[in-house]
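Reader: I have a structure to go through. Can you take some questions on it?
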Amino acid sequence: MRDKRLFKMNRLRTHVLILLLVLHVSSLVATPNYQWQLLPALPQAISGQFVGVHNAALIVAGGSCFPVSLFAGGQKKWLAEIYIFESESNDWVTDSPLEHPLAYGVTVSTPNGMLCIGGSDGARHYRDVFYLKWERNQIQRSSLPELPVALAFMGGAVLGDKVYVVAGQSAPDATVAMNKCFLLDLSLPKPVWDEFEPLPGPARILPVVAAQDGAIYVMSGCELVPDESGKATRTYLTDAYRYQPGKGWARIAEVPHPVVAAPSVPSGPSHILVFGGDDGENVQRIWELKDAHPGFRREVLAYHTITDTWAVVDTIPQALVTTTAVRFNESIVIPGGEDRPGHRSARVYQAQAIQSHSHFSALDYIALALYFAALVVMGIYFSRREKGTDDFFLAGRRIPWWAAGLSIFGTQLSAITFMAIPAKCYATDWTYILGNFSITLVAPFVVFYYLPFYRRLQITSIYEYLEKRFNLLVRFFGSIAFILFQVGRMAIVIFLPALALSAVTGFNIALCILIMGVLSTLYTVLGGIEAVIWSDVLQVIVLLGGAILSLAIIIASVAGGFTGFISMAYDQGKFHAFNWTWDATVTAVWVVLFGNLLGNFIPYTTDQTVVQRYLTTKDEKQAARSIWTNAFLSIPATILFFTLGTALFVFYKSRPEALSTTLQTDAIFPWFIVQQLPAGISGLVSAGLFAAAMSSLDSSLNSVATVLVTDYYRRFRRFASDKACLRLGRWLTALLGLFATGTALLMATIEIKSVWDLFTKILGLFGGSLAGIFMLGIFTRRAHGVGVFIGAVTSAVVLFIVQRYTPLHFFLYAGVGIVTCVSVGYLMSVLLPGEKKSLRGLTIRTISDAEV
């Protein structure tokens with residue numbers, strides 16, 4: 001009987017796995033291809049030219065050509081002409097030529113101009129380094145320090161302010177290549193060339209070199225080997241390397257075939273596109289084939305820096321080598337080049353990425369509609385119970401402890417976090433995991449030391465405590481810092497998820513913003529904090545369910561199942577979690593744990609959006625349970641999201657062709673959801689992503705309205721009716737929602753995000769100050785209003801200096817702010833006179849004196 005039950009269980013498990021594999025719609029993977037079109041042709045057919053962009057102008061300089069066919073006895077001609085193409089024009093214009101013919105050097109485009117490095121004129125190689133700048137409708141030239149050695153046929157790229165030049169040939173008659181590498185730091189007032197660690201592997205010419213993801217990548221090329229007569233012969237290479245500043249060279253995945261002299265360009269945050277290239281297949285038959293030569297390879301290869309994989313993503317209309325691909329007018333342009341041995345092209349190809357989006361099925365749209373309808377119904381249902389401000393702001397203190405706990409968890413789990421944690425593990429490893437576990441270490445402090453004050457003082461806004469303990473100024477400092485920060489982040493928490501959802505679903509970004517902004521404002525205005533909390537509960541269930549299903553589908557699709565998944569992830573070092581060092585500038589174990597431990601005091605003790613949940617339960621005991629619920633739920637949820645991120649890495653390492661070369665890394669999980677989850681489930685989890693953003697927004701809307709009504713309107717109009725306060729709370733919620741939605745729409749249409757980021761970054765300086773103020777209030781009796789205010793301001797100033805002028809890891813910023821505020825605030829309270837007031841029930845030592 002036992003064997004029969006085991007057989008049935010195994011058969012059921014097999015059926016489940018088969019079902020998941022069937023549901024895994026790998027046929028719907030959507031790599032982007034490119035729409036190719038021709039721009040006006042160059043005035044003459046050339047290759048080996050310098051190509052770059054400056055001031056919205058495409059510049060082509062120098063190069064070589066064959067006026068008479070090579071196979072008819074023609075000789076290569078070296079050129080000095082300069083051609084310019086502007087997007088507004090319909091043709092190329094000619095400018096003053098170079099000082100002498102020059103070709104086969106390196107070009108990098110910089111804000112200061114198109115930087116031309118080295119090159120040859122056939123008779124000699126050059127050390128020249130100079131800018132070509134398009135200014136006032138003409139080319140301007142300025143020189144930079146020369147290369148240490150003459151070079152041509154090398155590769156190069158710019159990473160930040162540093163220009164890297166790799167390998168090459170020192171003279172036209174050299175029978176061996178070089179593996180030397182040089183670096184020029186353009187940020188220095190007087191830049192000089194430095195030699196750095198030589199390229200591993202064979203010395204080479206014509207490598208593919210690109211900068212991406214904080215590193216320099218070198219791929220393929222030709223090794224020069226002298227034959228018996230002393231003439232150089234070529235060996236075509238497929239090896240590839242990555243150079244990371246401070247870490248040196250590392251071997252990476254080999255190119256599927258040689259891509260010698262291929263144009264390349266970075267794409268998105270983690271891809272390098274390689275267009276065609278010479279694989280050497282017909283190198284011995286050039287004079288046999290002559291003009292019948294089939295040309296070079298036409299595949300567009302994509303190298304992914306995260307998974308270290310190659311994939312074919314498109315085909316170029318005409319194979320071109322010894323030219324350069326550049327970004328121009330939000331597209332990729334490849335001008336001229338050699339299309340077959342001894343023959344040049346004047347064609348200019350422009351490639352525009354066509355992002356493939358998911359095609360939502362009817363089930364997906366139904367799931368989306370039902371989810372959004374459920375949120376509105378919640379708002380309408382709970383609106384009938386909102387009789388006063390106690391209902392609107394505190395849900396009448398009737399929320400079950402488990403729902404409040406899920407709401408705390410959901411509030412902290414914004415859509416940005418839901419996308420960012422798996423994306424971080426997908427791109428790196430588990431180093432951040434201790435930071436999430438630190439929430440469980442903060443929970444006891446909150447339950448035993450903070451919660452009693454928030455509950456027993458019968459407050460609505462936690463900043464009421466600051467006036468009772470210190471003075472009105474400190475209360476205003478806390479409430480204003482909270483209001484401004486929340487107002488500043490409201491637009492961000494819907495704009496960034498909308499950006500990601502738009503990229504992977506194809507939905508109009510404005511539509512995404514309007515859905516999130518309007519719906520969250522609507523049900524929050526109607527149902528108050530009660531609607532907010534229950535929508536959080538629904539969101540958490542959907543998102544955790546979607547994450548579990550996604551993980552199951554991935555593991556079921558990996559060869560070897562769970563064992564195969566663990567094995568591949570382990571081999572790739574994806575489970576690395578501990579950096580044992582005392583270095584405070586990296587993610588050392590103590591930095592991650594200690595930094596996040598102090599950092600979590602900010603939201604869990606000073607943030608009205610979180611603490612307000614503590615106040616919605618029946619009593620202090622129920623509130624404590626809600627805090628423990630959030631703390632203990634964070635452990636399996638953290639493991640789930642970190643495992644999911646690792647699983648996404650394993651999935652896309654096995655299927656690099658399923659990646660989009662233009663997708664932002666943070667959107668990898670939404671991309672998987674809309675491309676790989678079954679119809680209906682994909683729509684439901686996508687709705688959950690919308691709801692996660694809406695959860696952050698609705699929490700901010702209700703809490704800011706709570707603080708504005710409680711700390712300002714009701715504070716100065718003590719006899720205002722509860723009905724008037726409720727009406728004002730609803731109007732403020734609506735106005736705040738309108739403001740957040742409108743600002744997010746502005747971010748989507750005009751460039752104000754950088755200004756907004758600066759605004760929120762400045763306001764973020766006060767998070768540690770607030771945590772320090774509450775610590776001083778609860779744990780000390782000597783601290784007074786003047787002292788803690790000085791401590792808070794000093795804390796913000798010190799933190800600003802630390803952020804701007806030190807390499808300290810950002811995990812420690814909260815600790816710097818808190819420690820500075822507490823130490824300076826306490827010292828100033830000791831040194832300066834302060835107002836004498838009763839501390840009954842306001843500190844940890846006097847709480848027992850208060851009436852419970």
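Reader: Which residue in β7 is the bridge partner of Val108?
Author: Leu115 is the bridge partner of Val108. This is a predicted model, and that applies to everything below.

Reader: How many bridges join β6 to β7, and how do they run?
Author: 5 bridges join β6 to β7, residues 113-117, and the two strands run antiparallel.

Reader: What sheet are they in?
Author: An open sheet of 4 strands, in the order β6-β7-β8-β9, with antiparallel pairing. β6 (106-110) and β9 (138-143) stand at the edges. Each has a single partner strand, so one side of each has no neighbour in the sheet. From one strand to the next, the twist averages 25°.

Reader: Changing topic. How many salt bridges does the structure hold?
Author: There are 19 salt bridges. One of them is between the side chains of Asp185 and Lys162, at 3.8 Å from N to O. That pair links distant parts of the chain, 23 residues apart: Asp185 is in strand β12 (residues 178-185) and Lys162 in strand β11 (residues 162-168).

Reader: Why does Asp185 count as buried?
Author: Because its relative accessibility is 14%, and buried means under 20%. Lys162 is partly exposed, at 31% relative accessible area.

Reader: What about Arg285 and Glu288?
Author: They form a salt bridge, with the closest N and O atoms 3.0 Å apart. Arg285 is partly exposed at 35% relative accessibility, while Glu288 is exposed at 56%.

Reader: And Arg344 with Glu338, buried or exposed?
Author: Both are buried. Their side chains meet in a salt bridge, 3.7 Å from N to O. Elsewhere, salt bridges that share partners join Arg385, Asp391, Arg398 and Glu530 into one network.

Reader: On to helices. How many residues of α21 are buried?
Author: 12 of its 13, so α21 is mostly covered. Among the buried residues are Gly767, Leu770, Phe774 and Ile778. The helix covers residues 767-779 and reaches 18 Å from its first C-alpha to its last, close to the 18 Å expected at 1.5 Å a residue.

Reader: Which residues form the nonpolar patch on the surface?
Author: Val786, Tyr826, Leu827, Val830, Leu831 and Leu832, with about 500 Å² of accessible area together.

Reader: Which helix gives the most to the patch?
Author: Helix α23 (residues 813-831), with 4 residues. Tyr826 lies in α23.

Reader: Why is Tyr826 called partly exposed?
Author: Because its relative accessible area is 35%, and partly exposed runs between the 20% limit for buried and the 50% limit for exposed.

Definitions and conventions. Residues are numbered from 1 along each chain as its sequence is written. This is a predicted model: local features need pLDDT of at least 70, side-chain atom pairs count only at pLDDT 80 or more; totals for chains, interfaces and linings use all residues. Side-chain values use heavy atoms; hydrogens and water are left out. Patches are made of residues with over 30% relative accessible area and no salt bridge: like charges are joined within 9 Å, nonpolar side chains (Val, Leu, Ile, Met, Phe, Trp, Tyr) within 5 Å. Accessible areas come from the Shrake-Rupley method with a 1.4 Å probe; for residues, only the protein chains shown count as cover. A salt bridge is a side-chain nitrogen of Lys or Arg within 4 Å of a carboxyl oxygen of Asp or Glu. Buried means under 20% relative accessible area, exposed over 50%, partly exposed in between (1.4 Å probe, protein chains only). Two strands pair if DSSP finds at least two bridges between them. Axes are lines fitted to C-alpha atoms, for helices over the stretch in contact, and angles run from 0 to 180 degrees between N-to-C directions. The expected span of a helix is 1.5 Å times one less than its number of residues.
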